[in-house]
Amino acid sequence: MRRDLTLYNLEFPDQDKLEEYWNKRYSSDFHTEVLGRISNRSDSLKSKCGKIYEINDEILKDIFGSHKNNNERCLGWTYFKAKLLNDFYSTGIQDIYTVVEDMVKINNLDEYIKNGDFKAINAIRDIFKKGGKNEKGRDIYSFATKFCHFSNPDKFSIYDRYVAYLLKDYMIKRKDKFISAFIKYNETSTENKINVDKPTVGSLLTAMRDYTFFMNVIDLFISNCKISKRNSRAKVDNYLWLAGMMKYRNESKVAQDYKN
């Protein structure tokens, strides 16, 4: 595979680049031969993994779209959605049912999700921090963003460590494009500050654990891409995720081409 110059130079992808990566999303060869995923599985499964990922996403979109409520009257459906998400996206929650039992008791959760209010993310994270005995003390931030994303994909982007790693690179190399997000974050953060002139890796990765900052960065990223409005968030999310894995996944077959 030839080096992707958009990724190597940390340029902002255009519409064609986003479409290229969207086509890779369900390519078995890309996931296995480039990203090195499911490397210990049979050749038969490797050849089908792209289709499996596509079906997983279709199921999640259908279930979340058909069953939007997350309250005590809908405990079963909320549990079903959370369990599928936990399994398909390997979020690693051991006691998912106990966590969901608490999640459906969150006041105004459905209203927050419908309105794209980031209180939904923090409310779910707080529940996870005090969840079942196997979850106590954990901050299942990524799961919270994924649950809210599939509930309202136009308003919530998914936080993933590979997305965070790649965004960190953009913020350091192209920091002039993100200064407004740094300033807003510094106005409210008490424990972590970003040096606007010379942001550090640690401060940026910590800041992205604040979902408001993370979304500000995503929105600034989108504003710098020459793309159409249609499906822009989903396709930018997908680009950051796959390109982040190309550069930072240990098993990536091309990671060495992007270390700069």
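Where is the place of Arg233? I found Arg233 in helix 14, residues 232-248.

**Entry 1: ground rules**

I am working with a predicted model, where local features need pLDDT of at least 70, side-chain atom pairs count only at pLDDT 80 or more, and totals for chains, interfaces and linings use all residues. Residues are numbered from 1 along each chain as its sequence is written, and side-chain values use heavy atoms, with hydrogens and water left out.

I take helices (H or I, at least four residues) as DSSP runs, numbered from the N terminus. I looked up confidence next, as pLDDT (the predictor's confidence in each residue, from 0 to 100). The protein has a mean pLDDT of 92, and 95% of its residues reach 70 or more. Confidence is lowest in helix 8 (residues 119-129), with a mean of 86, and highest in helix 12 (residues 201-207), at 98.

**Entry 2: Arg233**

Is Arg233 buried or exposed?

**Entry 1: ground rules**

I am working with a predicted model, where local features need pLDDT of at least 70, side-chain atom pairs count only at pLDDT 80 or more, and totals for chains, interfaces and linings use all residues. Residues are numbered from 1 along each chain as its sequence is written, and side-chain values use heavy atoms, with hydrogens and water left out.

I take helices (H or I, at least four residues) as DSSP runs, numbered from the N terminus. For confidence I read pLDDT, the predictor's confidence in each residue, from 0 to 100. The protein has a mean pLDDT of 92, and 95% of its residues reach 70 or more. Confidence is lowest in helix 8 (residues 119-129), at a mean of 86, and highest in helix 12 (residues 201-207), at 98.

**Entry 2: Arg233**

Is Arg233 buried or exposed? At 15% relative accessibility, I log Arg233 as buried. My cut-offs are under 20% relative accessible area for buried, over 50% for exposed, and partly exposed in between (1.4 Å probe, protein chains only).

I then listed the contacts of Arg233, with contact meaning heavy atoms within 4.5 Å. Leaving aside neighbours within four places in sequence, Arg233 is in contact with Pro153, Asp154, Phe156, Ser157, Met215, Ile218, Asp219 and Ile222. I also checked Arg233 against Arg41: they are 192 residues apart along the chain, and their C-alpha atoms are separated by 32 Å.

**Entry 3: helix 4**

Where is the kink in helix 4 centred? I found a kink of about 45 degrees, centred on Cys49. The bend at a residue is the angle between axes fitted to the seven residues ending there and the seven starting there.

The buried residues of helix 4 are Lys46, Cys49, Gly50, Tyr53, Asn56, Asp57, Leu60, Ile63 and Phe64. An α-helix has 3.6 residues a turn, so residues three or four places apart point the same way. What covers the buried residues of helix 4 includes helix 3 (28-34), helix 5 (75-88) and helix 9 (141-151).

**Entry 4: the core**

Which residues touch the most other members of the largest nonpolar core? I got Leu167, Phe213, Phe214 and Phe221, in a core of 75 residues. Helix 13 (residues 211-223) gives the most to this core, with 9 residues. By a nonpolar core I mean a set of buried Ala, Val, Leu, Ile, Met, Phe, Trp, Tyr and Cys residues joined through side-chain atoms within 4.5 Å.

I opened up Phe213 to see its surroundings. Not counting residues up to four places away in sequence, Phe213 touches Met171, Ala181, Phe182, Tyr185, Ile194, Leu204, Ala207 and Met208.

**Entry 5: salt bridges**

How many salt bridges does the structure hold? I read 13, each being a side-chain nitrogen of Lys or Arg within 4 Å of a carboxyl oxygen of Asp or Glu.

One of them joins the side chains of Lys17 and Asp4, at 3.2 Å, N to O. Lys17 lies in helix 2 and Asp4 in the segment before helix 1 (5-8), so the pair ties together parts that are 13 residues apart in sequence. I log Lys17 as buried at 14% relative accessibility, and Asp4 as buried at 5%. Lys17 also touches Thr6 and Tyr239.

Asp139 forms another with Arg209, the closest N and O atoms being 3.6 Å apart. Asp139 lies in the loop between helix 8 and helix 9 and Arg209 in the loop between helix 12 and helix 13, so the pair ties together parts that are 70 residues apart in sequence. Both come out partly exposed: Asp139 has a relative accessible area of 27%, and Arg209 has 32%. Not counting residues up to four places away in sequence, Arg209 touches Arg125, Asp139, Tyr141 and Tyr159.

I also noted Glu251 with Arg249, at 3.3 Å, N to O. Glu251 is partly exposed at 38% relative accessibility, whereas Arg249 is buried at 15%. Salt bridges that share partners join Asp4, Lys17, Glu20 and Lys24 into one network.

Key
Helices (H or I, at least four residues) and strands (E, at least two) are DSSP runs, numbered from the N terminus.
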